[in-house]
Amino acid sequence: MKHETAALLESRAEQSCEQWFCHSDSDPNEDLLDSMRYYIEAAEVHSSIDAGNKTRRACAQASLLSLQIRMPDFQWLYRSETNARRALVEQSRFQEALIVAEAYGLNQPSEWALVLWNQMLKPEVMEEFVAEFVAVLPLQPSMLIDLAKFYKAELAARGDQSQFSVWLTGGGMPTDWVKHLGRSFRCLLKRTRDLRLRMQLATVVTGFGDVIDACMKELDKVPDNAAPLVLRKGHGGAYLPLM
């Protein structure tokens, strides 16, 4: 009975979304609010029968509807896979990006690598984005390695910065793009707790000799057979694993 109830609620939510999409109502937000309410009720029913994946999906759709109501100038609903991925990559705020990723099934390390790379030329935005990211999701090694490869390829493709300063304008790549990339990548290194992974990342790219030296200095203090158990006291008195 509860499965049928949840399915009926989701069907009603979809109908309300379709009404909003067709603009058949004078107040489009009313349809969106109805749809969001149905999805929330469906999530509650799914949760009561321990249907975790369906609960998560319903919550994700409700969050996407909330985003559509709060930011109506952009169409968040009914996006194709390609357009949903484009919308994800273009987000400069993590909370909105996470909603899009959850709603369209894009919450994967390979997808987040592209999102983070798109922030690399905006260090201030990158630092805030990563700070919010690590509070919710882990920085997966595969994702970090992809970013290191992107970084290395970007430097190799563009060569010496001075060769491009003549034609770069305010609307294109900033003249100090190397500095911006370096600062953003250093932010990622700082957030990488695994010392061996951090050193691997710093080795793949160039210009981070100080990071490599610091990692080697720390690793020299750690016996190989004790690595998984070694902790270091961090800010606030909490103990964090070195590896």
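Author: A search of the whole structure finds zero disulfides, a disulfide being a pair of cysteine sulfur atoms within 2.5 Å. The model is predicted: local features need pLDDT of at least 70, side-chain atom pairs count only at pLDDT 80 or more, and totals for chains, interfaces and linings use all residues. Residues are numbered from 1 along each chain as its sequence is written, and side-chain values use heavy atoms, with hydrogens and water left out.

Reader: Is C17 buried or exposed? And what about C59?

Author: C17 is buried, at a relative accessible area of 7%. C59 is partly exposed, at 39%. Buried means under 20% relative accessible area, exposed means over 50%, and partly exposed is in between, with a 1.4 Å probe and protein chains only.

Reader: How many helices and strands does the chain have?

Author: There are 11 helices and two strands. Along the sequence, the pattern reads α-α-α-α-α-α-α-α-α-α-α-β-β. Helices (H or I, at least four residues) and strands (E, at least two) are DSSP runs, numbered from the N terminus.

Reader: What share of the residues is buried?

Author: Of the 243 residues in the chain, 37% are buried. The chain exposes about 13,900 Å², and carbon and sulfur atoms supply 53% of that area. Accessible areas come from the Shrake-Rupley method with a 1.4 Å probe; for residues, only the protein chains shown count as cover.

Reader: And what share of the contacts joins residues at least 24 apart?

Author: Among contacts between residues at least 6 apart in sequence, the share is 59%. Contact means heavy atoms within 4.5 Å.

Reader: Let us turn to T55. Where does it lie?

Author: T55 lies in helix α3, residues 52-70, and is buried at 14% relative accessible area. Leaving aside neighbours within four places in sequence, T55 is in contact with A43, H46 and S47. A polar atom of the T55 side chain lies 3.1 Å from the backbone nitrogen of S47. That is a polar contact, meaning a pair of N or O atoms within 3.5 Å; within protein, one must be able to donate a hydrogen and the other to accept it, and residues adjacent in sequence count only if both atoms are side-chain atoms.

Reader: How far apart are T55 and A42 in space?

Author: Their C-alpha atoms are 7.5 Å apart, while T55 and A42 are 13 residues apart in sequence.

Reader: What does K2 touch?

Author: Not counting residues up to four places away in sequence, K2 touches V45, S48 and I49. K2 lies in helix α1, residues 2-22, and is partly exposed at 44%.

Reader: Now Q91, please. Which backbone oxygen does its side chain reach?

Author: The side chain of Q91 reaches the backbone oxygen of A87 at 2.9 Å. Q91 is found in the loop between α4 (81-89) and α5 (94-103) and counts as buried at 11% relative accessibility. Leaving aside neighbours within four places in sequence, the contacts of Q91 are W76, E96, A97, V115, Q119 and F129.

Reader: Changing topic, how many aromatic pairs are found?

Author: The search finds 12 aromatic pairs in the whole structure. One of them joins W117 and F150 edge-to-face, at 5.9 Å centre to centre and 65° between the planes. W117 lies in helix α6 (residues 109-117) and F150 in helix α8 (residues 141-158), so the pair ties together parts that are 33 residues apart in sequence. Rings of Phe, Tyr and Trp (its six-membered ring) pair if their centres lie within 6.5 Å; planes under 30 degrees apart count as stacked, over 60 as edge-to-face and the rest as tilted.

Reader: Which residues form the aromatic cluster?

Author: F94, W112, F129 and F133 form one aromatic cluster.

Reader: What lies over the face of Y38?

Author: R37 does, at 4.8 Å from the ring centre. A charge sits over a ring if NZ of Lys or CZ of Arg is within 6 Å of the ring centre and within 35 degrees of the ring normal.

Reader: Finally, where is L139 found?

Author: L139 is found in the loop between α7 (123-134) and α8, and is buried at 15%. Its contacts beyond four places in sequence include R191; L139 and R191 are 52 residues apart in sequence and 8.1 Å apart in space, C-alpha to C-alpha.
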